[in-house]
There are 2 protein chains.
Amino acid sequence: MNAVIQKYDNRAEQLNTLLCVGLDADPLRIPARFASEQHPQFAFNRWVIDQTAAYAAAFKPNIAFYEGRGTDGLHELKMTVEYLREHHPDVMTICDAKRADISTTNDGYVRAIFDLLGFDAVTLNPYLGGEALRPFLDRQDKVSILLCRTSNPGSGEIQSLTVEGKPVWKIIAERVRDRWNTHGNCMLVMGATYPDELREVRSVVGDMTLLVPGIGTQGGSVEQTVQLGRNRAGRGLIINASRGIIFADDPAEAARQLRDAINACR
Amino acid sequence: MNAVIQKYDNRAEQLNTLLCVGLDADPLRIPARFASEQHPQFAFNRWVIDQTAAYAAAFKPNIAFYEGRGTDGLHELKMTVEYLREHHPDVMTICDAKRADISTTNDGYVRAIFDLLGFDAVTLNPYLGGEALRPFLDRQDKVSILLCRTSNPGSGEIQSLTVEGKPVWKIIAERVRDRWNTHGNCMLVMGATYPDELREVRSVVGDMTLLVPGIGTQGGSVEQTVQLGRNRAGRGLIINASRGIIFADDPAEAARQLRDAINACR
């Protein structure tokens, strides 16, 4: 089995949690006591990590929040991943970057995200096809997480177009299952805001792990996510929450409550 | 008219060129005399720009080649855009980043690419729908270039899926025309490697400008690109060449020849 998937499953079991904390350290929302530090996004993340790691099987920074601060932000993203590797080597790290380019051009992103930043996994956009994504997919030591049905309100505009009776997102799921996942290192992004699709995709991809954003602020239901999305082992879910945890007055308590709410439905 | 599109059209007319030089400064391919400089990618780009600007209406770095060097690469990308703005303010600058995230998360990319790096335009992936892309589309001072039919060999896997008799790429073109281009600041990416689709998309989007990669190394035909892709004004094309120009022994001569080959078909 892929080492990253094994790592996630082990921690999920040991800590009894399916929670992923989204380190979306929006510079405009970081509390003032961090904003004045030399490395505000890193200082904030370190505090959030220390507060929430006991309840988290994965951490997922969205790189857009760091790129928006230029090279300073990217440096602090790197500091964040290094902090996680040093203090929590058993936690899965996901770079939410939604990347995709034509084949060899992806080499730059592969190097940036897997090697320089050191993430375990990356989110990818399927629009250019599996051939283009090979530089990611061929990294057998890492995990490629393909956007399938995203959590945003307008995601159906393209993803739900119907091809011979099937929505595009379902065809993506089938392609990943049949062609792209040759190294057993793929996962899918399925928004919690679309529970019917979450149930349906589970029947397409068997026990494959799903990264599920959209809980909390975006309106997705914990109960539906767990009951419709879990696999035969009662796991197979990486349930992400970002703003609802990291900007809570007490992130530890917010993470613990969400972990418990998830577990109450398993 | 959008100021960036006006800028491109003006320069295309004044210099009599539809050529875009792709500044894909692959660190592994930069000539040795630049590789030893303090800022190798910038030093290489500056030389390429000085050699080719007389023949170019646009420059298009692909950001993956810079991210692959970490913050050093991104700093040199910024130096490159600043050099272009200072020495060639009339040339259009395109960041080939193929970005897309859910709505407000895109704010980070908007800030990074349009404001911090200072590009005139960005390439975007349509898979999340127009609602998600609004932070880009609503920048009326900039240009959003949507991936439609990409130049890679496997692009048809998803882009040519048929929805009610139409390929997905054509539906993207229609959505951009009818819904996403509300500010008149959109363009499409159409690979030169798919000439039939290039002809067909022209009939869908009227005189909209198309960014066409895939000439040269990738095998696209200059003649077909110009004859099938031009708009009623005989323009409406940004024809990109990267490796074939920047890694030529004489980039100026390679750019001049390609400009002339393009013009011979107009």
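Predicted model: local features only at pLDDT ≥ 70, side-chain atom pairs only at ≥ 80, totals over all residues.
1. Residues are numbered from 1 along each chain as its sequence is written, and chains are lettered from A and ligands numbered from 1 in the order in which they are written.

2. Overall dimensions of chain A come next. A compact globule of 266 residues would have a radius of gyration near 18 Å, and chain A agrees, with 17 Å (taken over C-alpha atoms; the globule rule is 2.2 Å times the number of residues to the power 0.38). Along the principal axes, the C-alpha atoms of chain A fill a box of roughly 55 × 45 × 35 Å.

3. Chain A has 13 helices and 10 strands (DSSP runs numbered from the N terminus: helices are H or I, at least four residues, and strands are E, at least two).

4. Now the barrel in chain B. Its 8 strands close in the order β1-β2-β3-β4-β5-β8-β9-β10, with parallel pairing (two strands pair if DSSP finds at least two bridges between them). Within chain B, β2 (residues 58-59) and β3 (residues 92-99) pair in the parallel sense over 2 bridges, and B:A58 stands opposite B:M92 in β3(B).

5. Two residues of chain B deserve a look at their backbone. B:N16, in the loop between α1 (3-14) and β1 of chain B, has a positive phi near 55 degrees without being glycine. B:N16 counts as partly exposed because it has 14 C-beta neighbours inside 10 Å. B:E164 is not a glycine either, yet its phi is positive at about 45 degrees; B:E164 is found in the loop between β6 (162-163) and β7 (166-167) of chain B. Why is B:E164 counted as exposed? Because B:E164 has 8 C-beta neighbours inside 10 Å.

6. Finally, the interface: 46 residues from chain A and 46 residues from chain B take part in the contact (two residues are in contact if their C-beta atoms, placed from the backbone, lie within 7 Å). On the side of chain A that touches chain B, α6(A) gives the most, with 7 residues.

Definitions and conventions. Buried ≥ 20, exposed ≤ 12 C-beta atoms within 10 Å, placed from the backbone.
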